[in-house]
Amino acid sequence: SDRADGTGKAGDQALEFGQQQLPGPRLGVGMDCCVIPLRHGGLSLVQTTDFFYPLVEDPYMMGRIACANVLSDLYAMGITECDNMLMLLSVSQKMNEKDRERVMPLMIRGFRDAAEEGGTSVTGGQTVVNPWIIVGGVASVVCQPGEFIMPDGAVPGDVLVLTKPLGTQVAVNAHQWLDQLDRWNRIKLVVTKEEVKEAYQEAMFSMATLNRTAAGLMHKFQAHAATDVTGFGLLGHANNLAAQQRNEVAFVIHNLPIIAKMTAISKACGNLFNLVQGTSAETSGGLLVCLPREQAAKFCSEMKNQSSGAGGQGAVGGAWIIGIVEKGERGARIIDKPRIIEVPPRGSQAANDNSSNPDPNANLS
C-alpha cells in the first residue's frame with residue numbers, strides 16, 4: 001500500500017511527468033494541500049485550490065467565506081502564512097447588468113479583505129461567464145521544513161479537537177425555509193424564526209472566520225495531524241485523515257459541538273442532513289486536530305482566549321475536545337449516542353451566559 005506521506009506514489013508521479021525525484025516530504029492529491037519539494041535548498045511548495053457555489057445571501061460575506069475556505073487547507077497543515085492568492089470567479093449569465101455590477105464587486109472585496117486578514121494578497125485569477133455563480137481561489141506558499149506539520153503523525157492516546165461548531169448546512173437551509181411554508185411547518189415546532197436567524201448569522205460568521213489562530217497553536221501544542229472539516233462532513237474528513245496515518249490508529253468521536261437548535265431541526269426533518277451521523281456538509285468548517293493528551297485542554301483554552309481577545313468569536317469562540325485516537329485500522333466512527341454540545345450563537349442571550357460554555361475537558365467515556 002502507498003505510504004501515508006505520499007512517497008509511495010511520488011516515484012510513479014515523477015516517472016509519469018519526467019521529473020527527477022527530490023528529497024523531502026511529498027503529499028499528493030487526497031489531503032488538503034499538495035506539498036511539492038522544490039529544486040531550491042530544502043524548500044517545499046504548498047498549494048491548494050477550492051471553489052463552490054454561493055450559500056449565503058450577502059455577497060460580501062460570500063467572498064470572505066470563499067477565501068477562508070481556500071486558506072483553511074494551508075491552516076490544516078499548521079501553515080500560518082500564505083505567499084499569494086488567486087481568485088476564481090464565475091459570473092452568472094442569468095444575472096442582469098445591474099445585479100452583476102452590485103454583486104460581483106462585493107464578492108471580490110470580501111475575498112480580498114479576508115486575504116488581507118490572513119496576511120496575504122490577491123494578485124490575479126480568472127473570471128468567466130457561466131450559468132452559475134462560482135467563487136473560489138488558489139493559495140500558494142513556499143515553506144521551510146519546520147513551517148508545516150504533515151497530517152500523518154497521530155498516535156494512540158491522542159485527543160481529537162474541533163475548532164468550529166457543526167451545523168452550518170442546516171442553519172443555511174433552515175434560513176431559506178423561512179420563506180417556504182411547507183418546509184417551515186416541518187420545523188416550526190422545534191425552533192423559532194428568531195433562533196433560525198441567529199443560527200444563520202452564527203453559521204455565516206463562523207464560515208468567514210479564518211482558521212489561522214488554530215494553525216499557529218498546532219505548533220505551540222505539538223499537533224500530530226490535522227485536516228479541515230468541509231464538504232464531506234465531520235466523519236468524512238475524520239475518515240480521510242485516519243486513512244493517511246503512518247500508525248495503525250482509529251478515531252473515535254464522542255462529542256459533537258453543534259450550533260444551538262440545529263440538531264432538533266435535523267431530527268424534525270427526518271435526519272435529512274445526517275448531522276448527528278457526521279456526514280452533513282460543512283462549508284469552511286473548523287480544523288480537526290490530533291493533539292497529545294496533555295496538550296489538548298491547553299489548546300482549547302488558548303483558542304478561546306485568543307478568539308475573545310480578537311473580538312471575533314466572543315463567548316462561543318474556542319475549540320472542543322470531541323474524541324480520542326486509539327489503536328485501530330485507520331478509520332473513524334462516532335459512538336452510538338454522542339454527547340451533543342449546543343453552541344449558542346454569538347449575540348444570543350445564551351452566548352452571554354458563561355455557564356453555557358462546556359468544559360473542554362468534557363468526559364469522553
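In which loop is Asn-211 found? I began my notes on this predicted model with that residue, and I located Asn-211 in the loop between helix H6 (193-208) and helix H7 (212-220).

**Entry 1: Asn-211**

I looked up the exposure of Asn-211 and found it buried, with a relative accessible area of 4%, which falls under the 20% that I take as the limit for a buried residue. I then followed the side chain of Asn-211, which reaches the backbone oxygen of Gly-285 at 3.0 Å. Leaving aside residues up to four places away in sequence, I listed what Asn-211 touches: Ser-72, Tyr-75, Thr-163, Lys-164, Gly-285, Gly-286 and Leu-287.

**Entry 2: the whole chain**

I stepped back to the overall figures and noted eleven helices and eleven strands in the protein. Of its 365 residues, 53% count as buried. I also looked at contacts between residues at least 6 apart in sequence, and 80% of these join residues at least 24 apart.

**Entry 3: the five-stranded sheet**

I traced an open sheet of five strands, with mixed pairing and the order S1-S2-S5-S3-S4. I marked strand S1 (34-37) and strand S4 (122-130) as the edge strands, since each pairs on one side only. From one strand to the next I noted a twist that averages 15°.

I went through the pairings in turn. S1 and strand S2 (residues 44-52) run antiparallel and are joined by four bridges, and here I found Pro-37 opposite Ser-44 in S2. S3 pairs with S5 in the antiparallel sense over seven bridges, with Asn-84 standing opposite Ser-140 in S5. S3 and S4, by contrast, run parallel and are joined by eight bridges, and in that pair I noted Val-91 opposite Val-129 in S4.

Helix H3 (residues 97-117) I recorded as lying across S3, S4 and S5, running at about 160° to S3.

**Entry 4: H2 against H6**

I next compared the axes of H2 and H6, which come within 7 Å and cross at roughly 45°. On the H2 side I listed Met-61, Arg-64, Ile-65 and Ala-68, which meet Met-204, Phe-205, Met-207 and Ala-208 in H6. Sorted by class, this contact of H2 with H6 has seven nonpolar, no polar and one charged residues.

**Entry 5: the six-stranded sheet**

I traced another open sheet, of six strands, again with mixed pairing, in the order S7-S9-S6-S10-S8-S11. Strand S7 (225-228) and strand S11 (332-343) stand at its edges with a single partner strand each, so one side of each is left without a neighbour in the sheet. Ignoring direction, I noted that neighbouring strands of this sheet are turned by 20° against each other on average. I then checked S7 and strand S9 (residues 287-291), which pair in the antiparallel sense over four bridges, and saw Ala-226 opposite Val-289 in S9.

**Entry 6: helix H8**

Is helix H8 mostly covered or mostly uncovered? I found H8 (residues 233-243) mostly covered, with eight of its eleven residues buried. I wrote these down as Gly-233, Leu-234, Leu-235, Gly-236, His-237, Ala-238, Leu-241 and Ala-242. What covers the buried residues of H8 includes strand S6 (159-162), S7, strand S8 (249-259), S9, strand S10 (320-327) and S11.

**Entry 7: positive phi values**

Gln-222 has a phi near 50°, a positive value in a residue other than glycine, and I placed Gln-222 in the loop between H7 and S7, where it is partly exposed with a relative accessible area of 42%. Asn-274, also a residue other than glycine, has a positive phi, near 55°.

Methods:
Residues are numbered from 1 along each chain as its sequence is written. This is a predicted model: local features need pLDDT of at least 70, side-chain atom pairs count only at pLDDT 80 or more; totals for chains, interfaces and linings use all residues. Side-chain values use heavy atoms; hydrogens and water are left out. Two strands pair if DSSP finds at least two bridges between them. Helices (H or I, at least four residues) and strands (E, at least two) are DSSP runs, numbered from the N terminus. Axes are lines fitted to C-alpha atoms, for helices over the stretch in contact, and angles run from 0 to 180 degrees between N-to-C directions. Contact means heavy atoms within 4.5 Å. Buried means under 20% relative accessible area, exposed over 50%, partly exposed in between (1.4 Å probe, protein chains only). A polar contact is a pair of N or O atoms within 3.5 Å; within protein, one must be able to donate a hydrogen and the other to accept it, and residues adjacent in sequence count only if both atoms are side-chain atoms. Ala, Val, Leu, Ile, Met, Phe, Trp, Tyr, Cys and Pro count as nonpolar, Asp, Glu, Lys and Arg as charged, and the others, Gly among them, as polar.
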